[in-house]
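Dear colleague,

Please find below the sequence and structure that I am handing over to you. My notes on selected contacts and surface features follow.

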Amino acid sequence: MISNLLGGIQDWFHMMYSAGVATVKSGHAASLMYTAAARWIFILLAAFILIRAIIALLRSKSPSEVWAYLHIEGSRNIPITHWENAIGRAPSCDIQLEDMSVSRNQGTLVRDNNGYWTYMDLGSRNGAFVNGEKTVPYKPVVVGAGDKLVLGSTACELFPVSVAEHMNNIRRRAEYTHILPPWMTFLALTLFQFLTVVQLKVALGTRYVPSVTVSFVGLAVIMWAYVIAMKVMHRRGFEIETIAFFLSTLSLSVVATRFPTQVFKQFITVAIGVGLFLFMCTWLRDLKRTLKVKNLMYAAAVLLFAFNLVFATSKYGQLNWVQLGGFSMQPSEIVKLAFIWVGAATMNELFQRKNSMVFTAFAFFCFLCLAKMGDFGTAVIFFVTYLVISFLRSGDFTRLIMIVGVAFAGGMVVLRFKSYIAARLDVWGHVWEAANANAGGFQQTRTMSAAASGGLIGVGAGKGWFHTIFASETDLVFGTVAEEWGLIIAILMVVAIVTLAIFAYRSIWAGRSTYYTIAACAATTIFLFQTILNFFGSVDLLPLTGVTFPFVSGGGTSMIASWGLLAFVKAADTRQNASIAVSLDDQGLTSEGADHYEEA
């Protein structure tokens, strides 16, 4: 059907030429007319798609839900509003007990997906007793309704919420969940993709290949198959995925502009990325299962780095590309997923020193491998992510300051022995100087010139000149988008990434487990920091580091990793019926209840 429509459009262009536009080459006038009109349509469609998704994400709030009550004997009932709670005398504890015989961090009280609660003592001074039996430090013990839990000299009992209060939790969560129906958004995105195909056809001329059409049609099919399948499963929230699908559409266009024959490869990586996203969302639903494969993730990351160091070929001064047949990959991009998988931790793990030491050693191993590979842009991203994870795990600013100090000293040593990195820093802020404009600052000056020539609405996909510049589809992709799609769309794609980060941060307050909140914050840290380095680096506000823009830059492993990282954000989404990563039963809503809710 789409092929027939494309054929009809091409016939229309031919008739216009035959009717009297004989002073220009065949199709040239039609191309100009189409591009002139389409540029405004693209702006309107992009604004409708992204602003609609952004507003829905920012409007949604995470209400406080009561999951049980802790009755303090002779005192009061304390509502428990999290699945994972620290108990103790310290003000930072979720459940604070004003008892000097209770340790500052006495223990943890944790709920699982089935509604069972466990208490784990953290090696407290006076210990803890459940029904008269003393608990073993760092060994969880089940605490049922009515069981007597003695902490220091404080006796307490755990009571579940009533059915009425449980239903009130569901009602309040639904009220705070602002989700718009996806159909209009996805129709607009499909129209955006269709018009992009036509635009590329008229702009690329003889460089256009049929695989461009196949790739965009394939992306539209995946997109619609996904939303229909999720609706069948009673899921309603698609804002996060909408942003990813839109940015992936821009990625196909960017690749088509520079390397039309490579678009199908890029589409395949999008398909693989969506598949990985679905797999990870489903796997992350079960926290116990997720934690069981941590050791496998450690091993996978080590093997990927070892494979990289053994088989990679030097490319642009870096040893991070591995050739496999006609494909090339960057193992470090996939290691990002393992880094977050093992770095995130449950409440019980946060208080185990051994767990933190193992992760720190693993992070140090990753830094050494990246240094050996010469990929210092990715090393910076790993380091910032490590800082975020470390702070969320410990809340210790002093420790972070020490880490940053050591890293700064290490960075000075690197600059001493890696001259090309020092050269980039020397050029930073001086790219327009005569000595740099056509040398070390060549890429940045061309990026800014291209963005300026594109203006607010761009010159049209495939119509620019910037695609002839090296790395215009990867490290300098902001320049390509700004020139061809306009500054409005370029800024919107940056705002979309920032929105994901804000949404992840706000999800912390309703997170079912610290594992999901740490993972979501770490993933959006990578998204946000890559965006900052890519955008600011290409316009000389920061040194050019050679990192990609999430979802938009060309490159298979970068695209796959972006979709994988998105799964961590989706897993932290507790909005009513929004996330495949949270089962309906976990939300307190069965399939039958979902049907009733949809009707209401």
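**Salt bridges and a surface patch**

R258 counts as buried, at 17% relative accessibility; here buried means under 20% relative accessible area, exposed means over 50%, and partly exposed lies in between, with a 1.4 Å probe and protein chains only. Please note that this is a predicted model, in which local features need pLDDT of at least 70 and side-chain atom pairs count only at pLDDT 80 or more, while totals for chains, interfaces and linings use all residues. Residues are numbered from 1 along each chain as its sequence is written, and side-chain values use heavy atoms, with hydrogens and water left out.

The partner of R258 is E473, and the closest N and O atoms of this salt bridge are 3.0 Å apart. The term salt bridge denotes a side-chain nitrogen of Lys or Arg within 4 Å of a carboxyl oxygen of Asp or Glu. This pair links distant parts of the chain, as R258 belongs to helix α6 and E473 to the loop between α17 and α18, 215 residues apart. Helices (H or I, at least four residues) and strands (E, at least two) are DSSP runs, numbered from the N terminus. E473 is likewise classed as buried, at 14% relative accessibility.

By the rule above, the count comes to five salt bridges. Another of them joins the side chains of K570 and E241, at 3.0 Å from N to O. This pair also links distant parts of the chain: K570 is in helix α21 (residues 556–571) and E241 in helix α6 (residues 239–258), 329 residues apart. K570 is buried at 1% relative accessibility, and E241 is buried at 1% as well.

A further salt bridge is formed by E73 and K148, whose closest N and O atoms are 3.9 Å apart. E73 lies in the loop between β1 (68–72) and β2 (77–80), and K148 in strand β10 (residues 148–151), 75 residues away. E73 is partly exposed, with a relative accessible area of 49%, and K148 is partly exposed at 38%.

Finally, L456, L487, I488, I491 and V495 make a nonpolar surface patch of about 370 Å². Patches are made of residues with over 30% relative accessible area and no salt bridge, with like charges joined within 9 Å and nonpolar side chains (Val, Leu, Ile, Met, Phe, Trp, Tyr) within 5 Å. Accessible areas come from the Shrake-Rupley method with a 1.4 Å probe; for residues, only the protein chains shown count as cover.

With kind regards
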